[in-house]
Amino acid sequence: MGFCGNGFGWGAWGGLGTIGLVLNLILFAALLIVLGLGTAWLVRQVVRKPAGLGGPDPLEIARRRLAAGEITLADFEEIRDRLRS
């Protein structure tokens, strides 16, 4: 009483015997793989761009300021030389 099929219980594939057991194991393994890949992806997203680090390239900022006329060519070359050393 209370069991279906040949005694494998109430599982989704329980009434299929050995085939049901194998299908359950495959589905469980697939679930573990998906969870593992999802966790790895999430960790890579968090580690790739830590908060507060990085930012715009200082040389690119100097180029933009030169293009906007905020600094002279001599100022830009001085900034560029300081950044390279």
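**View 1. Arg82 counts as exposed, at 60% relative accessibility.** In this predicted model, exposed means over 50% relative accessible area, buried under 20% and partly exposed in between, with a 1.4 Å probe and protein chains only. Glu78 is partly exposed, with a relative accessibility of 39%. The two side chains, those of Arg82 and Glu78, meet in a salt bridge with an N to O distance of 2.6 Å. A salt bridge here is a side-chain nitrogen of Lys or Arg within 4 Å of a carboxyl oxygen of Asp or Glu. Arg82 and Glu78 share helix α3, where they sit 4 residues apart, about one turn of the helix. Elsewhere in the model, salt bridges with shared partners join Glu60, Arg63 and Arg64 into one network.

**View 2. Glu60 and Arg64 form a salt bridge.** Here the closest N and O atoms are 3.5 Å apart. Both residues belong to helix α2 (residues 58-68), and their spacing of 4 residues separates them by about one helical turn. Glu60 is partly exposed at 30% relative accessibility, whereas Arg64 is exposed at 56%. Side chains of opposite charge can pair when their charged atoms come close.

**View 3. Arg65 pairs with Glu70 in a salt bridge.** The closest N and O atoms of this pair lie 3.2 Å apart. Arg65 counts as partly exposed, with 35% relative accessibility, and Glu70 is exposed, with a relative accessible area of 54%. Across the whole structure, the search finds 5 salt bridges.

**View 4. Three helices and 0 strands make up the secondary structure of the protein chain.** The elements follow the pattern α-α-α along the sequence; helices (H or I, at least four residues) and strands (E, at least two) are DSSP runs, numbered from the N terminus. Of the chain's 85 residues, 9% count as buried. The chain exposes about 7,200 Å², 67% of it supplied by carbon and sulfur atoms; areas come from the Shrake-Rupley method with a 1.4 Å probe, and for residues only the protein chains shown count as cover.

**View 5. Mean pLDDT for the protein chain is 82, with 75% of its residues at 70 or more.** pLDDT is the predictor's confidence in each residue, from 0 to 100. Confidence is lowest in helix α1 (residues 18-48), at a mean of 90, and highest in helix α3 (residues 73-84), at 94. Where pLDDT is low, the predicted coordinates should not be read in detail.

**Notes for all views.** Residues are numbered from 1 along each chain as its sequence is written, and side-chain values use heavy atoms, leaving out hydrogens and water. In this predicted model, local features need pLDDT of at least 70 and side-chain atom pairs count only at pLDDT 80 or more, while totals for chains, interfaces and linings use all residues.
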